[in-house]
Amino acid sequence: MAGGGELEVLSALDTAKTQWYHFTAIVVAGMGFFTDAYDLFCISLVTKLLGRIYYFRGEGEGEGASEPGSPPPFAQPAGTT
């Protein structure tokens, strides 16, 4: 169980004052959480846009294609991971 040394560490943490470092750590962690969530939200939209730009259906290749397409089957799961 908890030894005497562990209790001293916990009591030191309880009595420690809030410093500028604590606020910095909270802001950095919050920014990381926000950017990770934003990345997970927008990756599916980005892969669909890339499919419309680079993969075409129809007669021609590139700008001569009749309609925009979607990414190949091996690239579509990228939006779900």
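**Aromatic pairs and a nonpolar surface patch**

The count of aromatic pairs in this predicted model comes to two. One of them joins Trp 20 and Phe 23 and is tilted, with 6.4 Å between the ring centres and 55° between the planes. Phe 34 and Tyr 38 form a pair that is stacked. A nonpolar patch on the surface includes Leu 10.

Trp 20 and Phe 23
- Trp 20 and Phe 23 are three residues apart in helix α2, which runs over residues 20–54, so about one helical turn separates them.
- Trp 20 counts as exposed because its relative accessibility is 70%, and the cut-off for exposed is over 50%.
- Phe 23 has a relative accessible area of 46% and is therefore partly exposed.
- The angle of 55° makes the pair tilted because stacked requires planes under 30 degrees apart and edge-to-face requires over 60.

Phe 34 and Tyr 38
- The ring centres of Phe 34 and Tyr 38 are 6.3 Å apart, and their planes are at 20°.
- Both residues, Phe 34 and Tyr 38, lie in helix α2, four residues apart, which is about one turn of the helix.
- Phe 34 counts as exposed, with a relative accessibility of 57%.

Nonpolar surface patch
- Leu 7, Val 9, Leu 10 and Leu 13 make up the patch, and together they have about 410 Å² of accessible area.
- Leu 10 is placed in helix α1, residues 4–15.
- With a relative accessibility of 48%, Leu 10 counts as partly exposed.

How values were computed
Residues numbered from 1 in each chain as written. Predicted model: local features only at pLDDT ≥ 70, side-chain atom pairs only at ≥ 80, totals over all residues. Heavy atoms only, no water. Phe/Tyr/Trp six-rings, centres within 6.5 Å; stacked < 30°, edge-to-face > 60°. Helix = DSSP H or I, 4+ residues; strand = E, 2+ residues; numbered from the N terminus. Buried < 20%, exposed > 50% of the residue type's maximum accessible area, 1.4 Å probe, protein only. Patch = residues over 30% accessible without salt bridge, like charges linked within 9 Å, V, L, I, M, F, W, Y side chains within 5 Å. Areas by Shrake-Rupley, 256 points an atom, 1.4 Å probe, with all protein chains shown as cover. Salt bridge = Lys/Arg side-chain N within 4 Å of Asp/Glu carboxyl O.
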